[in-house]
Amino acid sequence: MSAAWLGDPRRKAKAWLWQAPVLLLLGWVLWRVVDWGLLQAVFRPDLDACKALGHQGACWGVVAEKWRWWLFGRYPFEHHGRATLALACWAVSLTALIVPAWRGQLGTPRARWAMGAALLSWLVGLAALAGGWGGLPAVDSRLWGGLPLTVLLTVTSLALSLPLAVLLAWARLSRRAWLSWPAAAFIEVVRGGPLVMWLFMAAFVLPALLPASWGVGPVGRVLIVTVLFSAAYAAETLRGSLRVVAGEQSEAARMLGAGWWTSQKRVILPQAFRTALPSLVNHSIGVLKDTSLVMIVSLQELTGAMSMSLNGDADWRPFFLEAYLVIALAYVLMCQGVATLGRRLEQQYPALGSRH
């Protein structure tokens, strides 16, 4: 008994000997971060005060100085109100979609009305951003940038690629070779090339292939690529889920007299989406982060707008670290929002599936 009594304090002392240096190191790092980021930092857009720091403290004044560039990119300054209106409309649109999903009301009449309102609000925001109607001057899509472009590329790519991914997954699972082979070839070819390569093709090859009368601008061409790229990846995720679910459930649906389309709509697809939901959430986060790659084809989304604003200003250029930290925080918050919604859907989806 004495050995057991002595053993416990000894084990605790040994563990403390290992933990103490780690805790001290973490405490020192935390203190350095707080000292650099808060105590010694300059928060006002005072260039002289920032230079006087000698990088011993953070210059958050770069945010106050450049935030409009980061938020709107090269969008004309006098029309920033329109870009703000577009963001507000899109926020309303996304809220109209998220609220029914958050409350577990997908598939209800209220959710259908919300989807209609979301689509209308989205189109109003897009019309405000583009202009060319009602006396509003048109703004070339080459000048779209900042947060509106990031939101536009992310949401549109996901919304349009998901139905296409379902069709591709169905086609690849089909026993008809004229459906499965082209779908498999498309998926493998698109997944086999990096997104950067496809973006370059959108910038330099698509203009030669698409009729000039169509008037597809750079944002439209990039959307074509991101939608197809996203659909190829999501199709494989859904194909695996459909293969898992379809076996027993298809047979059960046929025994109940349901046709192929009814069984897919009411039984197979809801369960397949539930199975694939964690992977689809991860895919959505990937699409959001991949929008930063469009700056290689001269479209300045959130990251590109920040980089452009500092590359052209030698005075504020030394404070890239603070700028990147702010942009990184913005992406973390957006990705965390998507992840939180995904976890909520995982909780709500079984209740939704029982209504079908």
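The legends below describe close-up views of a predicted model.

**Figure 1. Overview of the elements in the predicted model.** The protein has 13 helices and one strand. Read from the N terminus, their order is α-α-α-α-α-α-α-α-α-α-α-β-α-α. The protein has 356 residues, and 42% of them count as buried. Among contacts in the protein with a separation of 6 or more, 71% join residues 24 or more positions apart.

**Figure 2. The packing of helices H3 and H12.** Two packed helices are described by the angle between their axes and the distance between the axes. H3 covers residues 61–72 and H12 covers residues 302–311. Their axes are 9 Å apart, and the angle between H3 and H12 is about 125 degrees. H3 and H12 are therefore oblique to each other, and their crossing is right-handed. On the H3 side, the residues that meet H12 are Val62, Lys66, Trp69 and Trp70. On the H12 side they are Leu302, Ala305, Met306, Met308, Ser309 and Leu310. Sorted by class, the contact of H3 with H12 has eight nonpolar residues, one polar and one charged. An α-helix has 3.6 residues a turn, so residues three or four places apart point the same way.

**Figure 3. Helix H3 and the residues around its ends.** Which residues of H3 are buried? They are Gly61, Val62, Lys66, Trp70 and Phe72. Val62, Lys66 and Trp70 are also among the H3 residues that meet H12. After H3 comes Gly73, with a positive phi near 60 degrees. His55 is found in the loop between helix H2 (47–53) and H3. His55 also has a positive phi, of about 65 degrees, although His55 is not a glycine.

Figure 4. Ser298 lies in the loop between helix H11 (260–290) and strand E1 (300–301). Its phi is positive, near 70 degrees, and Ser298 is a residue other than glycine. Is Ser298 buried or partly exposed? With a relative accessibility of 47%, Ser298 counts as partly exposed. Pro318 sits in the loop between H12 and helix H13 (320–353). Pro318 is partly exposed as well, with a relative accessible area of 44%. In sequence, Pro318 and Cys50 are 268 residues apart. In space, the distance between Pro318 and Cys50 is 9.8 Å from C-alpha to C-alpha.

Figure 5. The largest nonpolar core has 29 residues. Trp90 and Val219 are the residues with the most contacts inside this core. Two or more residues of this core come from each of these elements: helix H4 (80–102), helix H5 (109–130), helix H6 (146–173), helix H8 (195–204) and helix H10 (218–255). H10 gives the most, with six residues. Leaving aside neighbours within four places in sequence, Val219 is in contact with Ser141, Trp144, Leu149, Leu152, Leu153 and Leu299. A second, separate core has 20 residues, including Trp170, Ala183, Leu238 and Ile268.

**Figure 6. The packing of helices H4 and H6.** The axes of H4 and H6 come within 10 Å and cross at roughly 35 degrees. H4 passes H6 in a left-handed crossing. From H4, the residues in this contact are Ala83, Leu87, Trp90 and Leu94. They meet Leu147, Pro148, Val151, Leu152 and Val155 in H6.

**Figure 7. The packing of helices H6 and H7.** H7 covers residues 177–192, and its axis comes within 7 Å of the axis of H6. The two axes cross at roughly 125 degrees, which makes H6 oblique to H7. The crossing of H6 and H7 is left-handed. H6 takes part through Leu168, Ala171 and Arg172. H7 takes part through Leu179, Ser180, Ala183, Ala184, Phe186, Ile187 and Glu188. By class, the contact of H6 with H7 has seven nonpolar residues, one polar and two charged. Ala183, one of the H7 residues in this contact, is also included in the second core.

Conventions: Residues are numbered from 1 along each chain as its sequence is written. This is a predicted model: local features need pLDDT of at least 70, side-chain atom pairs count only at pLDDT 80 or more; totals for chains, interfaces and linings use all residues. Side-chain values use heavy atoms; hydrogens and water are left out. Axes are lines fitted to C-alpha atoms, for helices over the stretch in contact, and angles run from 0 to 180 degrees between N-to-C directions. Helices (H or I, at least four residues) and strands (E, at least two) are DSSP runs, numbered from the N terminus. Angles under 35 degrees count as roughly parallel, over 145 as roughly antiparallel, 65 to 115 as roughly perpendicular and the rest as oblique. A crossing is left-handed if the near helix is turned anticlockwise from the far one by less than a right angle, and right-handed if clockwise. Contact means heavy atoms within 4.5 Å. Ala, Val, Leu, Ile, Met, Phe, Trp, Tyr, Cys and Pro count as nonpolar, Asp, Glu, Lys and Arg as charged, and the others, Gly among them, as polar. Buried means under 20% relative accessible area, exposed over 50%, partly exposed in between (1.4 Å probe, protein chains only). A nonpolar core is a set of buried Ala, Val, Leu, Ile, Met, Phe, Trp, Tyr and Cys residues joined through side-chain atoms within 4.5 Å.
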